[in-house]
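The sequence and structure come before the details.

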Amino acid sequence: MAEVTQKINELSGEMWGIWFLIGAAMVFFMQGGFAAVESGFTRAKNAGNIIMKNLLDFCIGTVVFVLLGFGLMMGEGRFFGLIGRPDLSIFTNYANFDFSSFVFNLVFAATAATIVSGAMAERTKFISYCVYSGVISLVVYPIEAGWVWGGEGHFLADRGYVDFAGSSAIHMVGGIAAFIGAAMLGPRIGKYVKDKKTGKKIAKAIPGHSLTLGALGCFILWFCWYGFNGAAATNLSQFGSILLTTTVAPAVATVTTMIFTWIKYKKPDVSMSLNGSLAGLVAITAGCSNVSALGAAIIGIVAGILVVLAIEFLDKTLHVDDPVGAVAVHGFNGLWGGLAVGLFADPSVPNAPLGVNGTPAAGLFYGGGFGQLGIQALGVCMIAVWTAVTMTCVFFLIKKIIGLRVSKQEEVDGLDIHEHNLPSAYADWLPAVDQSLLDSGDDALPPPEKRVGVDVAVPVVNNASPGAKMTNVTILTKQSKFEELKTALDAIGITGLTVTNVLGYGMQKGNDLHYRGAELESSLRPRIKVEIVVCKVPVELLTETVKKTLYTGRIGDGKMFIYNVENVIKVRTGEEGYDALQDNA
């Protein structure tokens, strides 16, 4: 019986070891989620650059983590419990090397590095990104993560600091680095303009090119977060509790953000709600194995409000341009998540990690007093100071030696073309002509109903309505209004029109449209141009119909331009004037 029990325990240990590595693979796939979120929240002309950065931060991170990073993080014989002693055992003693620990910590290091790219998107030199991304995985992350994880001899771990999956050790680090980088880099061109009346800077929204892609990235990240938080679970009850809190916190945070933006902006903000989901995930990461469902819900509520306020504070007060909200999501909520353990850690949670005094962590609201909260505050302060000092030095040196920012021309044109010789990440965006129709000859095309040779086309004098006035009415409006407009025109007898997709903008005075809390800038926006030439249908009837159909009372309803037409010639028959406009089918 004892042998059977031993075999079952061994099998259970192997099973959780396999799950540990599957969780690490899920964390790796978060790179795909980050790539989708960052490219979707930025403009299409930089999509290739964003993808390249998310690919390279993992690949460069792997190289430097092999050489030095893992040793600094997990090496034995630590200096004052702060820095590990690298031994390069991955090369010298591979047979006995801890493969699982290396892979697991590597994917977390890459996550910390990739957070920075979103905040500095659309204006950073690619070579500069490669350098600072490598430094994060080489030195910055390994040293501070070694304080938190690794057991005996690790400074914060020895003192009962709890950050189960990395709210502070990963996300706050990435958020602080992102803030420093974005502040030193400066905002994108056109992000801030001076108010003519007050002379103060006003934040202008620069919408991303694909909210759909950003949402897909958010769903990918949420799914992978079950591996991010749950990979280190050692039994089923702990695993179940972790997945529960990892679901409750982001769900509550998303609902909170939706309601908060609905009240604040009069409409629920889509991109903010997506950020709310990620903020909830970041905030619960530290305490996912220590808090109950109630604690997770409260953490989520705070995260959902905090992310909105932080985005607006950075954008409108500090004037730090963060296109994707990385600083608010990871920096502010990573800090909140680390502190929240000291408030909501519940010692009755199954297999809760140990806190101060070597007992299951107990927060301020669960009878633990200020002991756990104090060590949590010490931990986040140490990690924040270390990250701020090192990354300030790194960005300063990069800026002085090779430069951080691309030229104005490169930024305006887009980084894809200048940094990667890529004309567009969406080469087939425009519809192409079906080449098979062109190659198969004229017989492949539908035959016309009636043809008249140009040599026998007889000029027709406008006898039916001599001197009838012909008028061209050109309408510019939103694409979404076209079907409604076409139906209304059919109802008054308009039998022909020409429609063109165009780009443009007006004066935009009094624009009340907002994106992520900032006023939308005047940029080229898609519109349709509808051209109609009328003779029999009164112009007044046409214009009144158009006005009634398009009117919403909001900026962007459209405009009409009315011109006199000197003559109209139907090419097929040679008819002119009034007759050329009639439908003779």
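The text below treats ring pairs, charges over rings and helix packing in turn.

The model is predicted, so that local features need pLDDT of at least 70 and side-chain atom pairs count only at pLDDT 80 or more, while totals for chains, interfaces and linings use all residues. Residues are numbered from 1 along each chain as its sequence is written, and side-chain values use heavy atoms, without hydrogens and water.

There are 20 aromatic pairs in the structure. Tyr94 and Phe99 form a tilted pair, because their ring centres are 5.1 Å apart and their planes meet at 55°. Rings of Phe, Tyr and Trp (its six-membered ring) pair if their centres lie within 6.5 Å, and planes under 30 degrees apart are stacked, over 60 edge-to-face and the rest tilted. Tyr94 is exposed at 51% relative accessible area, and Phe99 is partly exposed at 39% (buried is under 20%, exposed over 50%, partly exposed in between, with a 1.4 Å probe and protein chains only). A cluster of Phe20, Phe104, Phe108, Trp149, Trp225 and Phe228 is linked by ring pairs.

Two charges sit over rings (NZ of Lys or CZ of Arg within 6 Å of the ring centre and within 35 degrees of the ring normal):

| Charged residue | Ring | Distance to ring centre |
|---|---|---|
| Arg159 | Phe155 | 4.0 Å |
| Lys191 | Tyr192 | 5.9 Å |

Helix α12 (residues 326-344) packs against helix α13 (residues 371-401) at about 160°, with axes 7 Å apart. Axes are lines fitted to C-alpha atoms, for helices over the stretch in contact, and angles run from 0 to 180 degrees between N-to-C directions. Helices are DSSP runs (H or I) of at least four residues, numbered from the N terminus.

Key:
Helices (H or I, at least four residues) and strands (E, at least two) are DSSP runs, numbered from the N terminus.
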